Amino acid sequence: MRADEDVLHGLMVDGLGGDAAAHAALLRLLVPVLRGFYRRRANGADDDIEDLVQETLIAVHVRRATYDRERAFTAWLFAIARYKMVDHFRRVRRLHPIEGLEEVLLAEDFEPAAAARLDVEELLAILPTKQADMIRATRLNGLSVAEAAKAGGIGESDVKVSVHRGLKALMARIQGGAR
Amino acid sequence: MNTEDLIAQLSQDVPPVRRRAVGRRLAIGIALGSLVSAVLVALVLGIRPDLGLAMRGATFWMKWSYTFSLAIAAVVMVVQFARPDSARLRWTWLLAIPVTLLAVLGIAELARTPPAEWLAMWLGNSWMVCPWLVLALAMPIFIGLLWSFRRLAPTRLRAAGAAAGLAAGALAAMVYCIHCPEVSAIFVLTWYSLGILLAASLGALLGPRLLRW
């Protein structure tokens, strides 16, 4: 059964009426919906995602009185899911200030990506220019080996070897933890 | 815990929910808190001896209508913040009505009074304690609202805290009227409002910490 607005809304209303079976069915239908929601937004481990899903299910259950039967169910659900996600990140990383949830939310996908990017650039800086450029082209910018070779004006095998050596050097650097 | 087990466990306890459950929950929190504040006024501050007489005069009702309408506007905001999907805050401008009306009244009052008495009228006898007492009396109501929020789902915690503080402050000011003998509109406009604002600021400060769920 596809979990669409009408189905979910119907089950929720029945659950609010005291129908435990409808409530259980609703929560079960929400599991894949929430998993999808969090997977798309939080690139965390599966454990984290499952924690978030469970926390959200509990919130949906405990705070179900705040659902207004006249309004869209999914809007209510995703408002809770978003809140739980922001709360989760805040707890895990203790990085974000507590106010301005909406702004944090918008920045949420961008920020880890940007931070990772900075780290990578720092690492790449220790490599010879050619190796760094080829890693950037093939691994970060998504060019194929042929395209990177053309862009860099070097042979395809040269690209492969540069990337291979560069990555190996980076790996050694990271594993050694030297800095 | 396994998600399937969790669902089974949660589904054991599915009491029916009334349509107006959010309003009810808030009303109970507010009523209990206000009751505690009223008892505190009666026991600690004392009810003004001329309350019966004052309730027949216009001043008392001026103070009550001001604080009551502020409380209504604030509670309207609290109700909106109680739901997670409160998209855009509506009816905030309601707050401006009582403030404007009281300001007009205050100006009319000043026009009738010789300027030499303005300062005395503005400060009354209790301007130093009035805001603090309002703030103190707001605490039981604020705590009542915190209890209400435990089953509600605010997602904008600072704003929800501020609205709860505002509502608690306005209701506390209303309760405080049964003690406070001050009569001038500009006194109420300044010192009552200051106490209410203090409560709202405290709510905004504490909201993110206390309303988390």
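1. Angles under 35 degrees count as roughly parallel, over 145 as roughly antiparallel, 65 to 115 as roughly perpendicular and the rest as oblique. Axes are lines fitted to C-alpha atoms, for helices over the stretch in contact, and angles run from 0 to 180 degrees between N-to-C directions. In chain A, helix α2 (residues 20-41) and helix α3 (residues 46-62) pack at about 135°. α2(A) and α3(A) are therefore oblique to each other. Their axes lie 9 Å apart.

2. A note on the basis. This is a predicted model, in which local features need pLDDT of at least 70 and side-chain atom pairs count only at pLDDT 80 or more, while totals for chains, interfaces and linings use all residues. Residues are numbered from 1 along each chain as its sequence is written, and chains are lettered from A and ligands numbered from 1 in the order in which they are written.

3. Chain A has 9 helices and 0 strands. Helices (H or I, at least four residues) and strands (E, at least two) are DSSP runs, numbered from the N terminus. The pattern along the sequence is α-α-α-α-α-α-α-α-α. Of the 179 residues in chain A, 27% are buried. Buried takes 20 or more other C-beta atoms within 10 Å of a residue's own, exposed 12 or fewer, and partly exposed falls in between, with C-beta atoms placed from the backbone.

4. Back to the α2(A)/α3(A) pair. From α2(A), A:L27, A:L30, A:V31, A:L34, A:R35, A:Y38 and A:R39 meet A:I49, A:L52, A:V53, A:T56, A:L57 and A:V60 of α3(A). Contact means C-beta atoms, placed from the backbone, within 7 Å. By class, this helix contact holds 10 nonpolar, 1 polar and 2 charged residues. Ala, Val, Leu, Ile, Met, Phe, Trp, Tyr, Cys and Pro count as nonpolar, Asp, Glu, Lys and Arg as charged, and the others, Gly among them, as polar.

5. Now the interface as a whole. In it, 27 residues of chain B are in contact with 34 residues of chain A. On the chain B side, α1 (3-10), α2 (21-45) and α8 (157-176) each supply at least two residues. The largest share, 4 residues, comes from α1(B). The chain B side has 16 nonpolar, 3 polar and 8 charged residues.

6. On the cores. A nonpolar core is a set of buried Ala, Val, Leu, Ile, Met, Phe, Trp, Tyr and Cys residues joined through C-beta atoms within 7 Å. The largest has 86 residues, and B:A74, B:V78, B:V134, B:A163, B:A167, B:A172 and B:A199 touch the most other members. α8(B) gives the largest share of this core, 16 residues. Apart from it lies another core, of 7 residues, including A:M134 and A:V159.

7. One residue to check: B:W132, in helix α7 (residues 130-149) of chain B. B:W132 is partly exposed, with 13 other C-beta atoms within 10 Å. B:W132 and B:Y192 are 60 residues apart in sequence and 9.4 Å apart in space, C-alpha to C-alpha.

Key:
Contact = placed C-beta atoms within 7 Å.
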